[in-house]
Amino acid sequence: MDSRKVLELAKEMKEKGNSYFKERKFENALEMYGYAETILTRFKFEDEIDRIEFCDLAICILLNSTACFTRLKEFERVGQVCSIVLEFQPNNVKAMYRRAVAALELGKHDWAYWDS
């Protein structure tokens, strides 16, 4: 399978996840996001444009997953996934915000302070 097809398939899974999220079917959405992540991690992207698209798509999928974990009140996982995103994009505001909210929900106010 070529890189374009891999990216398109992962995008389809992400979009299915987004549809489930809108229907408030958060476990189903997480399953679709998980499929998309698996598809992306099983392929090596050689072309620079494909690598950039891969990174953007992977970050989007991870952040969509954190939205699901937040709705499911799995705040530890929100913090873990946001930390992964921040390893790659240290200034990602959405990841900082969601990690801070998760820290507050877990009563870790000091941690939330550092992301604000």
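Contact here means that heavy atoms lie within 4.5 Å of each other. The structure is a predicted model, in which local features need pLDDT of at least 70 and side-chain atom pairs count only at pLDDT 80 or more, while totals for chains, interfaces and linings use all residues. Residues are numbered from 1 along each chain as its sequence is written, and side-chain values use heavy atoms, with hydrogens and water left out.

Thr70 lies in helix 3 (helices are DSSP runs of H or I with at least four residues, numbered from the N terminus). Leaving aside residues up to four places away in sequence, Thr70 touches Phe75 and Val78, and both of these residues are among the buried ones of helix 4. Buried means under 20% relative accessible area, exposed over 50% and partly exposed in between, with a 1.4 Å probe and protein chains only. The C-alpha atoms of Thr70 and Ile49, 21 residues apart along the chain, are separated by 32 Å. Asn64 is also found in helix 3, and its contacts, again not counting residues up to four places away in sequence, are Lys14, Asn18, Tyr33 and Arg98.

| Residue | Relative accessible area | Class |
|---|---|---|
| Asn64 | 18% | buried |
| Thr70 | 24% | partly exposed |

Helix 2 (residues 26-41) has 16 residues and reaches 22 Å from its first C-alpha to its last, close to the 22 Å expected at 1.5 Å a residue, where the expected span is 1.5 Å times one less than the number of residues. Its buried residues are Phe26, Ala29, Leu30, Met32, Tyr33, Ala36 and Leu40. They cover an arc of only 165° around the axis, which puts them on the same side of helix 2; the arc is that of the directions from the helix axis to the C-beta atoms. The cover over these buried residues includes helix 1 (3-22) and helix 3 (48-71).

Helix 1 and helix 2 pack at an angle of about 170°, with their axes 7 Å apart, and are therefore roughly antiparallel to each other (angles over 145 degrees count as such). Among the residues that meet are Leu7, Met13 and Tyr20 in helix 1 and Phe26, Met32 and Ile39 in helix 2. The residues of this contact divide into 15 nonpolar, three polar and two charged.

In helix 4 (residues 75-88), 14 residues should span 20 Å at 1.5 Å a residue, and the end C-alpha atoms are 21 Å apart, which agrees. The buried residues of helix 4 pack against helix 3 and helix 5 (93-105).

Definitions and conventions. Helix = DSSP H or I, 4+ residues; strand = E, 2+ residues; numbered from the N terminus. Axes fitted to C-alpha atoms, helices over the stretch in contact; angles between N-to-C directions. Parallel < 35°, antiparallel > 145°, perpendicular 65-115°, else oblique. Nonpolar A, V, L, I, M, F, W, Y, C, P; charged D, E, K, R; others polar.
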